[in-house]
Structure formats: C-alpha cells, structure tokens
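Dear colleague,

Please find below the structure that I am handing over to you. My notes on it follow directly after.

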Amino acid sequence: MNKKEKKTFDKGLYKGASISVKALDTIIIAGLLILASIIVLSALQA
Amino acid sequence: MNRFNFKNFFGGLKTADKEEKKKFIGEFLINNSLYIFLVLAIIAIEIISPMFLSMPSVVNILSLSAANMPIALGIAGAIVLTGTDLSAGRIVGLVACVSASLLQANGYPNKMFPDLPTLPIFTVLLAAMAIGAVVGLVNGFCTAKFKLHPFIVTLSTQLIVYGILLMYLMIGNNNGQSISGLDTAYSGFINGSILSLGGTPIPNFVWYSIVIIFIMWFIWNKTTFGKNMFAVGSNPDAANVSGVNVNRTIISVFILAGIMYGLTGFIECARIGSNTAATGLNYELDAIAACVIGGVSFVGGIGKIRGVIMGVVLLRIIFVGLTFLGIDSNMQYVIKGLIILIACAIDMRKYLVRK
C-alpha cells in the first residue's frame with residue numbers, strides 16, 4: 001500500500017473527499033499532540 | 001475506530017515475521033491511538049487528583065453516562081445509515097419541557113397549567129416517546145422520500161422544534177420561564193435509588209438505561225430490521241436489489257432514534273429538575289462524538305452497541321476528569337472538537353487502508 005497516494009471516498013459522509021493515508025497519519029498524530037498540550041497547559045494554569 | 005482486541009492483536013503478532021510485526025504494531029497503535037491517549041489521560045488525572053476515581057465520582061460518571069446513553073444509541077442508528085441527526089438535542093429539550101409541564105406537582109405556585117391535574121407517569125412517558133417518534137418520522141420521511149441528506153433535514157427540524165419549544169414555554173402561566181416543581185412521584189421514579197455502591201446511591205435511571213441498551217442491542221443484532229439497517233447503511237442499492245425496503249428502513253431508524261430522544265428528554269427532565277429552552281442544547285454533539293469514538297463509522301454500515309457504550313463512558317470519564325483538573329469549561333469545547341476530528345481521521349484512515 002502506497003501511503004502517499006491520495007484515495008477518494010466513494011460512499012458515506014466522507015463521499016468525494018480525497019486524502020492519503022500519510023496525511024491522515026499526520027492529522028492524527030498532530031491532533032493528539034495538540035490535545036495533550038492543551039490539557040497539560042490548561043491543567044497547569046488552573 | 002477499532003476496538004482493542006487482544007485475540008487479534010496477539011494472534012497477528014505470533015504469525016508475523018519481524019518486519020510485519022513492526023508494521024502490525026504501528027498500524028495497531030495508530031488505529032487505537034485515541035483510546036490509548038484517553039486511557040493514559042485518565043491514569044494521569046487519577047494520579048494528579050486521587051479523588052477522581054473515588055466511589056461517589058464513579059457513580060457520578062455512571063449516572064451522567066446513563067443519562068446520555070439513549071440519545072447516543074438513537075444517533076448511532078442514523079450514523080450507521082451514513083447520516084447524522086442534528087435535531088436530537090432540541091427534541092430532548094422539547095420533550096423535557098413538555099414532560100415537566102405535565103408532571104408539575106399539584107398546588108405548585110407557578111404551575112404552567114393550574115387546572116390540569118398531575119398526569120400518570122406512564123401516560124407522559126408514552127407522550128414523550130410519541131413526540132420523539134413524530135419528529136423522527138418527519139426526519140426519516142424527508143430523508144427517504146426526497147433523498148435529502150439527513151444533515152439538511154435534521155438541521156431544519158432542529159430549528160422547527162426549537163421554535164415550537166419557545167412557543168410552548170409561553171403557554172399558560174409560564175411566560176417563558178423555566179419549568180420546575182415536579183411531582184415527587186416522578187422525581188422519585190427517575191432519581192430515586194434502590195441500590196447503593198460504596199454508600200453512594202445509584203439513581204434509578206441508570207437501570208432504565210441498561211434496559212434500553214439491552215432492547216437496542218436486541219433490535220440491532222437479532223431482528224430483521226437491524227440487519228436491514230446495516231445493509232442499507234453499507235450499500236443501499238445492493239440492499240434494494242436484495243429485497244430490502246430501503247425507504248421503510250430509513251424511516252424506521254429515524255423513528256426509533258426519535259423514541260430514544262424522547263426517553264432521554266423524559267429522564268433529563270427529572271434529572272435536571274428545572275427545565276428551560278436551553279435543556280438539551282448540544283446534546284447531539286456529545287452523542288455524535290461518543291458514537292465516532294465508539295467505532296460507529298460515517299462510512300456507513302459499521303457500528304456496535306458496545307462501541308457506543310464505550311464511547312459514551314470514555315467521553316464522560318474524560319470530561320469529568322477535566323473538571324477535576326479545574327480546566328475551564330470553555331476549553332472543554334475545544335478539546336471535544338479535537339477529539340471528534342481525531343476520531344474521524346482514524347475512521348477515514350481505517351477505510352482507506354481497507355480499500
């Protein structure tokens with residue numbers, strides 16, 4: 001499987017969306033890091 | 001999102017060589033990254049604030065999860081059909097206010113309908129389910145017959161229901177105020193307790209939610225309607241060719257979802273005690289988030305009751321935990337949004353890898 005190759009969704013709520021597995025991996029990892037940072041910073045501030 | 005499955009995980013590891021093992025673990029970690037993150041967050045919160053998983057707090061988490069369970073189970077059906085339901089929260093609000101107005105204590109000074117005696121609880125329960133079912137019927141009919149996307153249909157009904165709710169609150173002596181002074185029999189029916197956990201009473205509505213879970217599990221897994229729902233969600237054209245009545249299935253799923261919102265409204269009414277136009281606001285967003293975390297896929301035709309339960313409980317634990325840490329409630333919206341985004345990205349990734 002080529003992770004960089006864009007694939008298009010042909011069904012469901014994502015129908016028409018075109019994205020690669022690599023891009024999704026980046027979104028997931030970056031999202032989790034942002035989430036962790038927000039929780040830690042907010043907890044320290046509280 | 002994939003559930004953590006020890007059997008698949010260790011079974012897969014045994015049969016793979018070194019390179020495959022590395023890839024397998026990587027895939028496993030990224031597919032379950034949100035679960036791992038949430039569990040780590042729960043452990044960290046417990047270390048920082050040891051009262052977090054104390055018995056009263058656990059019962060509180062259990063109660064809040066139970067109160068939100070029927071709405072999540074209802075929305076999950078709509079998501080299985082590749083749709084969603086934005087009207088859920090407002091239906092909960094309308095049902096809660098109607099239930100409150102019909103079950104106010106006799107002699108309460110600000111009674112909405114002073115001449116109306118307090119109705120039997122089961123009559124109001126049926127009325128609550130009927131209100132939800134009617135709105136569900138409208139949602140389902142417009143989605144099935146006019147081939148409109150549920151997003152548009154339920155956005156419209158959300159506004160219509162909210163308008164009706166605001167007008168309803170102006171009826172009688174109420175003049176737009178909150179509705180409180182509920183009959184003690186009704187409050188006791190929902191908030192009373194027959195069992196305690198470590199000295200903390202478990203409210204009755206937790207048991208009602210468990211009954212609702214069993215009923216929904218039965219409908220989803222053991223009935224023709226449940227199987228048709230997954231078939232239509234997975235591929236409506238194939239389901240149609242196979243002899244499934246697609247329109248009837250879609251309408252039935254939305255009616256069932258409406259009944260679930262009605263039950264949520266009936267429970268919320270007594271749980272909150274004082275109902276306003278804001279009751280039920282954004283409940284659908286929490287429910288959608290719980291479903292996506294629990295593995296109900298927006299791609300359609302994928303989802304399990306146990307996933308929905310896990311999603312609701314995990315989301316509730318994390319938000320009670322954030323409150324324990326003293327995190328600003330406004331920031332909790334940001335966190336909730338991010339969790340939905342990550343859960344959707346994982347859901348999309350899984351579909352692409354399979355494809």
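**A glutamate in chain B**

Glu268(B) lies in helix α12 of chain B; helices (H or I, at least four residues) and strands (E, at least two) are DSSP runs, numbered from the N terminus. Glu268(B) is buried, its relative accessible area being 0%. Here buried means under 20% relative accessible area, exposed over 50%, and partly exposed in between (1.4 Å probe, protein chains only). The side chains of Glu268(B) and Arg271(B) are joined by a polar contact of 2.6 Å. The term polar contact stands for a pair of N or O atoms within 3.5 Å; within protein, one must be able to donate a hydrogen and the other to accept it, and residues adjacent in sequence count only if both atoms are side-chain atoms. When its neighbours within four places in sequence are left aside, Glu268(B) is in contact (heavy atoms within 4.5 Å) with Ala67(B), Val92(B), Gly273(B), Asn275(B) and Tyr283(B).

**Basis of the values**

The model is predicted: local features need pLDDT of at least 70 and side-chain atom pairs count only at pLDDT 80 or more, whereas totals for chains, interfaces and linings use all residues. Residues are numbered from 1 along each chain as its sequence is written, chains are lettered from A and ligands numbered from 1 in the order in which they are written, and side-chain values use heavy atoms, with hydrogens and water left out.

**Chain A and its interface with chain B**

Chain A has 1 helix and 2 strands, in the order β-β-α along the sequence. Its C-alpha trace spans about 45 × 25 × 10 Å along the principal axes. Of the 46 residues in chain A, 33% are buried.

At the interface, 29 residues of chain A are in contact with 31 residues of chain B. The area buried between the two chains (accessible area, 1.4 Å probe, lost on being put together and summed over both) is about 2,800 Å², and carbon and sulfur atoms give 78% of it. Between chain A and chain B there are 2 salt bridges, defined as a side-chain nitrogen of Lys or Arg within 4 Å of a carboxyl oxygen of Asp or Glu. Lys3(A) forms a salt bridge with Glu27(B), with the closest N and O atoms 3.9 Å apart. On the side of chain A that touches chain B, the elements giving two or more residues are β1 (6–8), β2 (18–20) and α1 (21–45) of chain A. The largest share, 15 residues, comes from α1(A).

**Aromatic pairs**

Over all chains there are 10 aromatic pairs, where rings of Phe, Tyr and Trp (its six-membered ring) pair if their centres lie within 6.5 Å; planes under 30 degrees apart count as stacked, over 60 as edge-to-face and the rest as tilted. The pair of Phe122(B) and Phe189(B) is edge-to-face, because the ring centres are 5.7 Å apart and the planes stand at 70°. Phe122(B) is in helix α6 (residues 121–145) and Phe189(B) in helix α8 (residues 184–191) of chain B, 67 residues apart. Phe122(B) is exposed, at 55% relative accessible area, whereas Phe189(B) is partly exposed at 23%. Ring pairs also link Phe9(A), Tyr14(A), Phe298(B) and Tyr351(B) into a cluster.

Yours sincerely
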